[in-house]
Amino acid sequence: MSESIGSKLQSLRKAKRYTQRYVADRLDMKRSTLSNYEIDRRSPSLTDLKRLAQFYKVGLDYFDLATAD
């Protein structure tokens, strides 16, 4: 089974030892929005996902969108 987008976002953030507040502030989004993405309560828009991928320096293919729920 494939890892969810949310768990991948959380893994990327934790690997860099960033807080949700830090990432949210850098991307001009609410911390609660980022939290909802990480716990798979909400799915990020393609625009937000592109911004997150660029921030973490990964390609969109990292998120394996073809198998995303």
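Where does D28 lie? In the loop between helix 2 and helix 3. A few notes on that residue and its surroundings follow; bear in mind that this is a predicted model.

1. Start with D28 itself. Its phi is positive, at about 55°, although D28 is not a glycine. As for the side of things facing out, D28 has 71% relative accessibility, so it counts as exposed; the cut-off for that is over 50%.

2. Next comes helix 3, residues 31–38. Six of its eight residues are buried, so the helix is largely enclosed by the rest of the structure. The buried ones are T33, L34, S35, N36, Y37 and E38. Buried here means under 20% relative accessible area.

3. What sits over those buried residues of helix 3? The cover includes helix 1 (5–15), helix 2 (20–26) and helix 4 (46–56).

4. Just after helix 3, have a look at D40: here phi is positive, at about 60°.

5. Last, K57, which is in the segment after helix 4. K57 is not a glycine either, yet has a positive phi of about 60°. With a relative accessible area of 72%, K57 is exposed.

Definitions and conventions: Residues are numbered from 1 along each chain as its sequence is written. This is a predicted model: local features need pLDDT of at least 70, side-chain atom pairs count only at pLDDT 80 or more; totals for chains, interfaces and linings use all residues. Side-chain values use heavy atoms; hydrogens and water are left out. Buried means under 20% relative accessible area, exposed over 50%, partly exposed in between (1.4 Å probe, protein chains only). Helices (H or I, at least four residues) and strands (E, at least two) are DSSP runs, numbered from the N terminus. Contact means heavy atoms within 4.5 Å.
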